[in-house]
Amino acid sequence: MKNRTTLIIAILFLFSCSSADEHNTPMGSVENIIPQPKSVIASHQKIGFISEGTLIVSGSDLLNESWIVAESWFKNAGLKIEVADKKRPHLKFTISEDIVGEEAYNLNVDKGKIQITASTSEGLFRGWTTLRLMIPASAETGGCAKGFFLPIVSIEDSPEFEHRGLLLDCCRHFMEPEFVKKMIDNLSIHKMNVLHWHLTEDQGWRIEIDSYPRLTEVGAWRTEIDGSTHGGYYTKEEIQEIVEYAAERHVEVIPEIEVPGHSQAALASYPWLGCTGEKFQVANKWGVFKDIYCPGNDSTLRFLETVFDEVCELFPSDRIHIGGDEAPKVRWASCEKCQKRIKDQGLENENELQTWIIERVGNYLESKGKTIIGWDEILEGGLPEGATVQSWRGMAGAIEGVHLGTDVIASPTSHCYLDYPLSSTDLEEIYSFNPMPEEASHGPGRVIGGECNMWSERAPQHLVESKVFPRAIGLAEVLWTGTGVTLSNGAYDNFLSRLDSHLNRLAILGVDYGLESVPVSLSLSMEDGEKAKLYANISPSGSYIRGTASFVSLDGEKSEPQSFDSPIEITGTGEIVATINYRGRILDRTENFPVSYHAGVFKEITLDYEPSQYYTGGGNYALVDGKIGSMDFRDGVWQAKQGSDISFIVDLEGQTDIEKISLNFYLYQDAWIFGPASIKYLVSENGRDFTQAAFVENHEVLENDPKQTIINFNSGLLDGISGRYVKVEVENAGPCPDWHAASSEPTWLFVDELVIQELK
């Protein structure tokens, strides 16, 4: 792909201004525009505007409904507007067939006038959005009523990708209609043009369907594990209002109605939709569930057609997302109706049955002028005819889709999942995303764009903005400018410099944006002397981060706070607690790092297994590096292995009297993470002949436990145990049990840290 972005600064030693007071009049800039325009030719000459308090506008009718938005913004900025057709208007909108592209525009600022030219009203709106970002941020709250300066500039701009979206999951946690509108505002200001609205799930059905009222009477509400109730849904009137609100801002709303999986809320409302007819509750935990729509049941097919009839009436978009992901075929394999459908339709297996039902839904929607989008699992039984593929499990689905000749939307977990913590996916990683790798750049199909996905399992409404922003802003620029910017030297630093000013505007707009990256990182170091000591060093992620840190022991003793440039001694097991000053404000939360100084820290360790490439814990020494895995199993500290036992040996480098040995395990059965079936602790003087010091058996390993927690398996106090080598043997729980949604699949072991306490 060619580089679509150039920035040309023409340095002219000229200066002019209006009669406005230069020192008290705000100054706009072309250096804060995000996404960065394709071409900018600017001078240092500046022009004063609105010095007489009125902005003359011509051609505003060409913006169509978007003028409602633009006019409202100018009025909020305290600017008087006069719509007139004068020879030299201050602001002129012009339609021209010379501009190529639906969203392309030219923006020119010269003495006495601003001109925005495009071939469509959408292009004019994108140009106005750029002008808005050039005008001083204080205008957002009426701070430019007496005028402002703008540089003389010529901008030519157009997007590289046509689909630039955000998935908003309002099922796991319901979000109020006004909040959804606010998200649309935030998409629009960053030139993103798609809201992918996730409306049906196992944990909640959020869209009113007149023909099936129990979908919202029952399916929209769940009883949480603690007994509380969570839920809500959008009435048809609310949906229509949101869709119209988005259209005024040139944001397309694409609804997602899941087929055939993630449908437990629907089955709880109408049990006959499933294979067994059993009664269900709306799911109150996360994961994948094996009870899904029954494609062998004709009444289920009629249900889906009726639901989509009403969905099509509400959403003018010509695209409907039908999900298609994470649909276990366990029930279908034992369902007489599903097996009959497979036989009658001449299908090979359950995977082809999924393709069959998706194609049937797709054909029905095609009769209504709609096309379908599905997650990359829809490829497993063959590409459904006419479907767009959204690739989330890496980019393999995108590459396959392009080679099969279909449109593709790229949103891999590696770069686009905003529910993931910063430790997994920070702004820099998102900005490095290449939506169209070489393998997907040629073929009968094409990558039409990408999305960042805001799943809300762990993000109630009040946390969503801080997870989405500023990370989504990075993807907005990647998708608008193309890969040329992201791959060029210094591009990310340039982006950060523009973002720094842009965040001031977001703060004025009341956006509760979060951090660019993990604010601080922890490193540990040993100091040898008469007695070895372990120290923690806190490193901030940027110059805008300040703060202090302390070591807090298990019994609550806290060391004196130290600035980040000072090491902190660790005197046992506890945590480093860092207080963060971010851009001049003290964050409400702290950064906590569980740590332990014990006899095994930084000692030689030998593993008899290869850790998962996705969960290495930082390397082979993860289990004895002094860092203890947190409640976030993606924190980079946990080490994991799937489907097998593990064992390892630690060399303490000398005979040691041992008081206690312990190892932490993560438990999250919905993610296939189980505790161990048993664990042995053994010691040896020579590294060959080992004696068992303790054996811990876990009799409840395969019992259904909904908790997401850390379990410590320890030896208890040891009497007379001494050795140089410590060996640990961990028995895997075996496959997921029958009650589990992923029954028969191999379970995971997540471990960290092996704490060896020396007898004092």
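The model I am reading is a predicted one.

**Entry 1. The largest cavity**

I looked up how many cavities of 30 Å³ or more there are, and the count is 2. The largest cavity holds about 50 Å³ of space. I listed its lining: Leu301, Leu304, Glu305, Phe308, Arg360, Val361 and Tyr364. Both H7 and H10 give at least two residues to this lining. I then sorted the lining by class and got 5 nonpolar residues, 2 charged ones and no polar ones.

Glu305 and Arg360 are both in that lining, and I checked how their side chains stand to each other. They meet in a salt bridge, with 3.5 Å from N to O. Glu305 is in helix H7 (residues 298-314) and Arg360 is in helix H10 (residues 350-366), so this pair ties together parts that lie 55 residues apart in sequence. I also looked up the exposure of each partner. Glu305 has 23% relative accessibility and counts as partly exposed. Arg360, with a relative accessible area of 37%, is partly exposed too.

**Entry 2. Other salt bridges**

How many salt bridges does a search of the whole structure find? I noted 35.

I picked out Arg446 and Asp407, whose side chains meet in a salt bridge at 3.1 Å, N to O. Arg446 belongs to strand E18 (residues 446-454) and Asp407 to strand E17 (residues 407-410), so the pair ties together parts 39 residues apart in sequence. Arg446 has a relative accessible area of 39% and is partly exposed. Asp407 is at 25% relative accessibility, which also counts as partly exposed.

Next I took Arg222 and Glu224, which form a salt bridge through their side chains at 3.2 Å, N to O. Are these two residues buried or exposed? I found both Arg222 and Glu224 buried.

I also wrote down a network of salt bridges that links Glu103, Glu122, Arg126 and Arg164.

**Entry 3. Thr200**

Where does Thr200 sit? I placed Thr200 in the loop between strand E10 (194-198) and helix H4 (214-217). Its relative accessibility is 2%, and buried means under 20%, so Thr200 counts as buried.

One of its polar atoms lies 2.9 Å from the backbone nitrogen of Glu258.

I turned to the second largest pocket, where about 1500 Å³ of space lies. Its lining is made of 47 residues. Which of them lie nearest the centre of the pocket? I noted Pro421, Leu422, Arg589, Glu591 and Asp632.

I then asked which elements give two or more residues to this lining, and the list is helix H14 (461-468), strand E19 (520-527) and strand E25 (585-596). E25 gives the most, with 9 residues. By class, I recorded 20 nonpolar, 12 polar and 15 charged residues in the lining of this pocket.

Methods. Residues numbered from 1 in each chain as written. Predicted model: local features only at pLDDT ≥ 70, side-chain atom pairs only at ≥ 80, totals over all residues. Heavy atoms only, no water. Salt bridge = Lys/Arg side-chain N within 4 Å of Asp/Glu carboxyl O. Buried < 20%, exposed > 50% of the residue type's maximum accessible area, 1.4 Å probe, protein only. Helix = DSSP H or I, 4+ residues; strand = E, 2+ residues; numbered from the N terminus. Polar contact = N/O pair within 3.5 Å; in protein donor to acceptor, adjacent residues only side chain to side chain. 1 Å grid on protein atoms, 1.4 Å probe; cavity = no way out; pocket = protein on both sides within 12 Å on 5 of 7 lines; lining within 4 Å. Points joined across faces, edges and corners; volume = space filled by probe spheres on them. Nonpolar A, V, L, I, M, F, W, Y, C, P; charged D, E, K, R; others polar.
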